[in-house]
Amino acid sequence: MQARWRFALAVAVLAALMTGPFVLTGVMVWADASGEARATLRLLAGQWLPLGLLTTATGFALGIALLARLFRHYVQGLLRMAEGLDVLRRANPGFRVPEEGPREVVALAQAINRIADERDRLLAGLDERVLEARRAVEEERNRLAALMAQLAEAVIVCNAEGRIILYNEAARRLERAFGAPATAAASGWIGLGRSIHALLDPDLVAHVFDSIDALRGQGEVHPSMQVVTATPAGALIRVRVSPIAGEAAGEEISGYVLMLEDVTDQIEREASRNELLFELTEGNRAAIANIRLAAEMLHLPDVDEAMRARFHAVIVREVEAVSERLEAASRAFADALRARWPLEPMRGADLVRAAEAYLRRRLDVALKLEILDEELWFDADHFSLLQALAFLAGRLVEDYGVRTLRLRLSGDDRLVYLDLMWSGGSLSNEIVTGWELEPLGLGGTRSPLTLRDVLERHGAAMWFDREKARHRAFVRLALPRKRSVRRLPPPATPAVPTTQEEGRPEFYDFDLFAWSAEATALEDRPLTELSYTVFDTETTGLDPAGGDEIIQIGATRIVNGRLLKHESFEQLIDPRRPLDPASIAVHHITPEMLEGQPTIAEVLPAFHRFAQDTVLVAHNAAFDMRFLQLKEEKLGIRFDQPVLDTLLLAAFILPNQEHSLEALARYFGVRVFGRHTALGDALVTAEIFLKMIPLLAEKGVVTLRQAREASQQTYYARLRY
Amino acid sequence: MAKKVLVVDSDENIVIALDFLLRRAGYEVAVARDGEEALALADSFAPDLILLEAALPRMDGFELCRRLRQDPRYGECKILFLTARGRDIDRAKGLALGADGYLTKPFSTKELLEHVERLLTAGAA
């Protein structure tokens, strides 16, 4: 009931209560009275009634005023308060109930406002904690990502089933060693949710995992195993595997950490050292045997002139042959001859600058740098070389009172020279040679290495010399110059359009620990759990049967409901036929761009590998699938994965909308970058597909089977119209 | 009667020098330049000792040694490898195939002659 009506009712009741008893008494008195008494009553009433009415009316007015006041303060006040509470609860948390009205109402309002304050404090704390937690997680994530990226070793973590949960850049770079084509931006070898069986022989993996299990069974706390395996591309990979599990004996292994290293070079070096050794020992045996035999023959008194001449010639010829072999071997195996200390290529200028800082902290000496060539490279063990320089400088300063040292870097074709120069005072090479045998150490730090160790490690030599004209003396360290510095090119990553807030690419997904692909048949698994390859193609035209060809494939992956943009695939393809000018207007791919690109015969198998074990998704998939399927027989591959079409799915959930990719992107609020590049379209399709999954679920479409059935319905519906 | 030594080596200088040295030491000497020639000569010449290089054309010394040791006619014949194959594994192989000694090149002529002498007198005793 509205307050107005309730007020009217209250007034009516008040009126009735004030007049009712009086009227009732009057009626009863009137009914009981005789004719004479009635006349008296009438007289009295005529005389007193106006006064009575007046006082009653006054009382009534006072009553109404009181009632109105009560209403305004209690009934209407409480209703206002209730509305205020709604505002406070839903619309504006900062709103406070006005503390006015009678004491009781004010007390209530105050209590309400206190509760609101309390709520705000709790919420604020909660928000802060949520933010804090998110920040901590984000920080940890970034730290992990940075750490993983810094590791030179390739690291892959997989779950017990062999699905990849985490990997780093180094692992991606290693894909080449497994035979990933250099042209394709991403291959099907390493990716979240992918099986490591693509990389490593399943039998080998099973053997290693079983062996680790067995080791744990024997009570080993940190079992690990190492194997070397050959890749199809001919590289040798060393794989070190450790399990991820608690230390308790019974605890199940939830996954494995694999550290991979390409040891092809290492083993080749080893082999070439062996070859060298063999060449120098066994290879010379016959020749030296001849020489020795000839020498002994020449020694015999009864050898005739002819034979003497013959064996003389043998000696000359064989000694020449041995010398030549020696030369050839030392040329061919120069690298193998050097000590096998892990050396890194480094630039001389960098070392000299580092040495300057290192010496300044340790020695009381004025230092000057003289870098004659910035691009002198050599292989060095950075720190031991620094120690060697510091040792030499220390000797010069402490034993010879040198106050100003000049660090000079120069070089020629073959050698790099690091000189410690000073003016005046002379040394001898005997002293310098003596230093070589002393342990390096400076300012109390002791190193077990001697200068000679460091020199040998670097294949270096050291001597003392003078520049007479400038009256300078110097100790020179000579190192073999490195001619070509091979820097590994960064792996080609597709130009994935990203926005600022999306941050760095993610190379891990710990939710995959709990992932089991074999738990249920693919068809009955929820859409949210499947892995998808969302792809798009650009073609020379619209008629694959008439000879139109694919000129670009772009694809991206969805794993565990996440779009993995950094695991994208993008490749131009030489169609070996002219482009239709009309199609160039659509995709802007010109014939020049296709020159030198691989053919479909090379790219499609790579894409097939990329898409293995996933559900294919495309917008108007039938079109793209026709192009793929026409190539299947010729290339001996089959795209027999389940296929979902975002066009058909859109028709199912939004029957009254337009279903073009642009329209759907608008509807779902998906930002469009680079439309009409295959990867750009694939990314848009993928985001649309992800937004469709919850809408499909509202319509009861949860599993892959249901999605396929729904697509079919709309497909037939479209046919019918 | 002088003991007979068959020298098997493809290196002409070795063959000439050994021929000279062994004749000088009082042995009857025949020479073969490859494995098959050696097998034929072993039959006609009937040597008491064969000086054998492992690395030979056509049939290598190890194979020759194995065949000779399978033939009962050469049961008394000594086989001494004199070879440029110096690895332990080659020595083990030669001895396993039935050789009586294994000398590696380069060698001292004095030691070689002593070794030949020792093998031949041991065979006579």
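Colleague: Which residue just after H19(A) takes a positive phi?

Modeller: Gly700(A) does, with a phi of about 85°. Keep in mind that this is a predicted model.

Colleague: How far apart are the end C-alpha atoms of H19(A), and what should its 21 residues span?

Modeller: The ends are 31 Å apart, and at 1.5 Å a residue the helix should span 30 Å, so the two agree.

Colleague: Where does H19(A) bend?

Modeller: At Met692(A), by about 30°. A proline, Pro694(A), follows within four residues.

Colleague: Which residues of H19(A) are buried?

Modeller: The buried residues are Ala678(A), Leu679(A), Asp681(A), Ala682(A), Leu683(A), Val684(A), Thr685(A), Ala686(A), Glu687(A), Ile688(A), Phe689(A) and Met692(A).

Colleague: And what covers the buried residues of H19(A)?

Modeller: The cover includes four strands of chain A, namely S15 (532-539), S16 (550-559), S17 (562-572) and S18 (615-618). It also includes helices H17 (646-653) and H18 (661-668) of chain A.

Colleague: Now the largest nonpolar core. Which of its members touch the most other members?

Modeller: Ile156(A), Val534(A), Ile553(A), Ala555(A) and Phe607(A), out of 77 residues in that core. Helix H19 (residues 678-698) of chain A gives the most to this core, with nine residues. Domain 2 (151-262) and domain 5 (520-720) of chain A each supply at least three residues.

Colleague: Take Ala555(A). What is it in contact with, leaving aside neighbours within four places in sequence?

Modeller: Ala555(A) is in contact with Thr533(A), Val534(A), Phe535(A), Ser568(A), Phe569(A), Phe607(A), Phe610(A), Ala611(A) and Ala682(A). Apart from this core lies another, of 44 residues, and Phe311(A), Val314(A), Val5(B) and Ile50(B) are among its members.

Colleague: How many helices and strands does chain A have?

Modeller: Chain A has 20 helices and 19 strands. Of its 721 residues, 26% count as buried. Among its contacts between residues at least 6 apart in sequence, 67% join residues at least 24 apart.

Colleague: Back to helices. What is the reach of H6 in chain A?

Modeller: H6 (residues 264-299) of chain A has 36 residues and reaches 51 Å from its first C-alpha to its last, close to the 52 Å expected at 1.5 Å a residue.

Colleague: Where is the kink in H6(A) centred?

Modeller: On Arg285(A), and the kink is about 50°. Buried residues of H6(A) include Asn284(A), Ala286(A) and Ala287(A). Ala289(A), Asn290(A), Ile291(A), Leu293(A), Ala294(A) and Met297(A) are also buried.

Colleague: Different topic. Which peptide bond from a lysine to a proline in chain B is cis?

Modeller: The one from Lys105(B) to Pro106(B), with omega near -5°. Pro106(B) sits in the loop between strand S5 (101-104) and helix H5 (109-124) of chain B.

Colleague: And what is phi of Arg576(A)?

Modeller: Near 60°, a positive value in a residue other than glycine. Most residues other than glycine have a negative phi. Arg576(A) lies in the loop between S17 and helix H13 (581-587) of chain A.

Colleague: Is Arg576(A) buried or exposed?

Modeller: Arg576(A) is exposed, because its count of other C-beta atoms within 10 Å is 10, and exposed means 12 or fewer.

Colleague: What about phi of Ala46(B)?

Modeller: Phi of Ala46(B) is near 50°, again positive in a residue other than glycine. Ala46(B) is found in the loop between helix H2 (35-45) and strand S3 (49-52) of chain B. With 14 other C-beta atoms within 10 Å, Ala46(B) is partly exposed.

Colleague: Last one, Leu112(B) in helix H5 of chain B. Why is Leu112(B) classed as buried?

Modeller: Because 21 other C-beta atoms lie within 10 Å of Leu112(B), and buried means 20 or more. Leaving aside neighbours within four places in sequence, Leu112(B) is in contact with Leu82(B), Leu103(B) and Phe107(B). Leu112(B) and Leu21(B) are 91 residues apart in sequence and 9.9 Å apart in space, C-alpha to C-alpha.

Key: Residues are numbered from 1 along each chain as its sequence is written. Chains are lettered from A and ligands numbered from 1 in the order in which they are written. This is a predicted model: local features need pLDDT of at least 70, side-chain atom pairs count only at pLDDT 80 or more; totals for chains, interfaces and linings use all residues. A nonpolar core is a set of buried Ala, Val, Leu, Ile, Met, Phe, Trp, Tyr and Cys residues joined through C-beta atoms within 7 Å. Helices (H or I, at least four residues) and strands (E, at least two) are DSSP runs, numbered from the N terminus. Domain bounds come from an automatic or database domain assignment. Two residues are in contact if their C-beta atoms, placed from the backbone, lie within 7 Å. The expected span of a helix is 1.5 Å times one less than its number of residues. The bend at a residue is the angle between axes fitted to the seven residues ending there and the seven starting there.
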